[in-house]
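Which of them pair, and where do the partners sit?

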Amino acid sequence: MIRIAFFGTPEFSVPFLTALVDDPAFEVVAVVSQPDRPSGRNHEIVPTPVKSVALDHQIPVLQPSTLRDESVATTLRSLDADYFVVVAYGKIIPQAVLDVPRLGCVNVHPSLLPKYRGPSPMNWAIAEGDATTGVTIMLLDAGMDTGPILSQTSIGLDSDETMETLMAKAHEQGVPLLVDALKRFAAGEIVPVAQNDELATMTKLLDRDDGRVNWTLPMATIERRLRAYQPWPGLWTVWTRTLPSPLKGEGQGEVYVRLKIHSLQPSDFRADLPPGTVSTKNSRLFVDCSDGTIEILELQPEGKPRMSAEAFLLGYSDVNGAMLG
RNA sequence: CGCGGGGUAGAGCAGCCAGGCAGCUCGCCAGGCUCAUAACCUGGAGGUCGUCGGUUCAAAUCCGACCCCCGCAA
């Protein structure tokens with residue numbers, strides 16, 4: 001029986017954990033996850049998805065605030081693990097911890113390493129419009145996704161690929177790949193292959209402002225980002241709206257309305273307006289960007305439910321001619 | 001006690017601050033007009049104004065409590 005400690009935090013990690021738990025060749029002796037944090041509308045403390053699953057299976061859970069602590073290392077050593085399996089844990093693992101498991105720390109990285117090292121490989125593959133990406137099983141070393149590769153599989157990206165569909169593919173292909181690699185490496189059947197650092201590319205962590213639409217970009221880029229930036233940060237833009245009759249206490253009668261864009265498509269219609277300018281036609285909503293006109297199909301004003309462009313226009317007809325940004 | 005927006009006809013909204021006829025755009029129904037339309041005209045149906053309580057001659061509007069939806073944040 002191969003003894004494993006599983007390091008993971010978000011929903012993405014869960015299918016990997018459950019596969020290891022369900023496989024009789026493995027014994028998951030502990031789960032390490034990020035500390036529970038305040039979340040949701042009332043800032044309630046909620047357990048991480050990985051923690052919830054671990055508790056369901058009566059697996060001990062560790063949630064150290066840092067791994068750079070001798071008492072944590074001691075605890076991890078006491079597990080007597082063959083592998084630490086790391087899937088989207090969310091923190092850099094220090095060398096002192098990497099050295100603990102007998103066979104090493106195995107990481108699942110959803111890209112074709114050395115391409116797209118770093119925290120957002122799947123988002124990047126979609127945003128760049130790549131035809132293929134993949135899942136890599138690798139041994140962790142001190143660098144960021146720089147360790148030697150155990151096994152790799154490629155995934156075809158469709159023209160309408162979203163983070164949701166891509167994550168499903170990554171699970172479908174990545175879970176058996178991980179299980180197989182763990183068994184074969186333990187049996188001495190895999191020789192790790194070093195990455196070619198000269199081919200390496202990095203991805204950065206997405207932040208809120210990455211979701212703000214730059215209307216001076218081409219249509220295709222904006223459309224790919226819509227698919228790549230789900231479920232967060234999404235795509236949003238700001239409408240500086242002039243109110244017809246402002247309340248007495250309000251300022252100049254101008255208010256910033258944040259619009260979340262849920263669905264759009266490049267359009268044949270060409271309004272030929274400056275980038276970011278809104279136009280409407282037959283109850284349809286268009287915004288110009290650098291090389292054409294995009295039709296907004298579904299959107300959501302801040303504080304309102306998501307709605308079709310047609311419904312939006314019934315109540316916000318003054319958006320016609322506005323400049324978004 | 002994290003911050004904030006919202007709930008008014010089937011849909012999207014205005015009206016609230018400053019209490020006094022339940023409104024707008026669209027949809028729906030009926031009729032008309034047109035060679036024609038996602039066009040236009042006429043008429044119509046459709047409402048516990050989120051819920052409960054309070055103030056008032058009078059509450060969608062002011063006050064209190066509660067329910068629900070959403071954005072931020074994480």
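The paragraphs below go through salt bridges, then aromatic pairs, then charges over rings.

This is a predicted model, in which local features need pLDDT of at least 70 and side-chain atom pairs count only at pLDDT 80 or more, while totals for chains, interfaces and linings use all residues. Residues are numbered from 1 along each chain as its sequence is written, chains are lettered from A and ligands numbered from 1 in the order in which they are written, and side-chain values use heavy atoms, with hydrogens and water left out.

Side chains of opposite charge can pair when their charged atoms come close. With a salt bridge taken as a side-chain nitrogen of Lys or Arg within 4 Å of a carboxyl oxygen of Asp or Glu, the count is 17. One of them joins Asp-23 and Lys-183, at 3.0 Å from N to O. This pair links distant parts of the chain, 160 residues apart: Asp-23 is in the loop between helix H1 (14-22) and strand S2 (26-32), and Lys-183 is in helix H6 (residues 163-186). Helices (H or I, at least four residues) and strands (E, at least two) are DSSP runs, numbered from the N terminus. Asp-23 is buried, at 14% relative accessible area, whereas Lys-183 is partly exposed at 34%; buried means under 20%, exposed over 50% and partly exposed in between (1.4 Å probe, protein chains only).

Asp-82 and Arg-102 form another salt bridge, with the closest N and O atoms 2.6 Å apart. Asp-82 lies in the loop between helix H3 (70-78) and strand S6 (83-87), and Arg-102 in the loop between helix H4 (95-98) and strand S7 (104-109), so the bridge ties together parts 20 residues apart in sequence. Here Asp-82 is buried at 9% and Arg-102 is exposed at 61%.

Aromatic rings come next. Rings of Phe, Tyr and Trp (its six-membered ring) pair if their centres lie within 6.5 Å; planes under 30 degrees apart count as stacked, over 60 as edge-to-face and the rest as tilted. The whole structure holds 7 such pairs. Phe-269 and Phe-286 make a tilted one, with 4.7 Å between centres and 50 degrees between planes. Phe-269 is partly exposed at 26%, while Phe-286 is buried at 3%. Phe-312 and Tyr-316 are stacked, at 4.7 Å and 15 degrees.

Finally, the charged ends of Arg-208 and Arg-258 sit over the ring of Trp-236, the former 5.0 Å from its centre and the latter 4.2 Å. The criterion is NZ of Lys or CZ of Arg within 6 Å of the ring centre and within 35 degrees of the ring normal.
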